[in-house]
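Let's take a walk through a protein together. Keep the picture open while you read, and look up each residue as it comes along.

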Amino acid sequence: MSPILVRPVREQLEHDRVIRLLQLKLKKRHEVATNIGPDQTVPVKIGPVQIFPDLVLTTVDKGGKLACTVEVETAESVNHLEAMAQWAHLGRARVPFHLYVPAGSVDIARRLAAENHVNLSELWSFHTIGDQTRFTLVHRAQAPEPRRAPAAAAKSK
């Protein structure tokens with residue numbers, strides 16, 4: 001359960017709507033399971049902690065391996081408590097962690113992620129105009145450089 005025990009109704013509706021939009025968008029490349037509201041059905045175990053991210057992406061092959069976790073926040077839930085209770089754990093998982101925040105909360109989300117040492121693979125913003133929601137990639141972590149064998153590294157010098 002999120003530290004935001006009771007989100008204002010309007011924000012909860014927006015939160016759930018964004019999750020459903022992302023589910024439709026992301027299901028082209030992954031199997032997508034959601035944890036919306038009280039329907040906490042797909043946990044992710046990270047060390048001793050069990051978390052219920054908003055979206056859990058798995059591979060479409062038979063293995064169904066965990067591919068990514070996604071958390072959607074509203075203006076109300078971009079805060080220190082949320083960053084410590086969920087983002088920090090999801091950022092420690094061995095799979096990419098994507099965070100979606102309202103456009104006006106990007107700077108706060110960046111600061112909170114840095115303060116709490118959250119390993120964000122991608123940070124996205126979203127805003128709604130009328131009945132359309134637009135998603136904008138704000139930050140993508142650089143892929144780690146492939147490790148070279150010590151002999152190859154010595155030869156290149």
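This is a predicted model: local features need pLDDT of at least 70, side-chain atom pairs count only at pLDDT 80 or more; totals for chains, interfaces and linings use all residues.

Residues are numbered from 1 along each chain as its sequence is written, and side-chain values use heavy atoms, with hydrogens and water left out.

The protein chain averages 89, and 87% of the residues score at least 70. Among its elements, strand β6 (residues 97-102) has the highest mean pLDDT, 98, while helix α4 (residues 150-155) has the lowest, 55.

Now for the layout. The protein chain has four helices and eight strands, which are DSSP runs numbered from the N terminus (helices are H or I, at least four residues; strands are E, at least two). Of the 157 residues, 40% count as buried, where buried means under 20% relative accessible area, exposed over 50%, and partly exposed in between (1.4 Å probe, protein chains only).

Find helix α2, residues 80-92. Its 13 residues reach 17 Å from first C-alpha to last, close to the 18 Å expected at 1.5 Å a residue; that expected span is 1.5 Å times one less than the number of residues. Still, α2 has a kink of about 35° centred on Q86 (the bend is the angle between axes fitted to the seven residues ending there and the seven starting there). At the start of α2, a side-chain oxygen of N79 comes to within 3.1 Å of the backbone nitrogen of L81.

The largest here has 21 residues, and W87 and L99 have the most contacts inside it. The elements giving two or more residues to this core are β2, α2, β6 and α3. Apart from it lies another core of 14 residues, including L22 and I36. In soluble globular proteins, nonpolar side chains tend to be buried together.

Next, is N35 buried or exposed? N35 is buried, with a relative accessible area of 2%, and you'll find it in the loop between β1 and β2. Its side chain reaches the backbone nitrogen of V42 at 2.8 Å. Leaving aside neighbours within four places in sequence, N35 is in contact (heavy atoms within 4.5 Å) with residues including F52, P53 and D54.

H117, by contrast, is exposed, with a relative accessible area of 69%. This residue sits in the loop between α3 and β7. Most residues other than glycine have a negative phi. H117 is not a glycine, yet its phi is positive, at about 55°.

Last stop: L137, in strand β8. L137 is partly exposed, at 33% relative accessible area. The C-alpha atoms of L137 and E122 are separated by 7.3 Å, though the two residues are 15 apart along the chain.

Note on methods: pLDDT is the predictor's confidence in each residue, from 0 to 100. A polar contact is a pair of N or O atoms within 3.5 Å; within protein, one must be able to donate a hydrogen and the other to accept it, and residues adjacent in sequence count only if both atoms are side-chain atoms. A nonpolar core is a set of buried Ala, Val, Leu, Ile, Met, Phe, Trp, Tyr and Cys residues joined through side-chain atoms within 4.5 Å.
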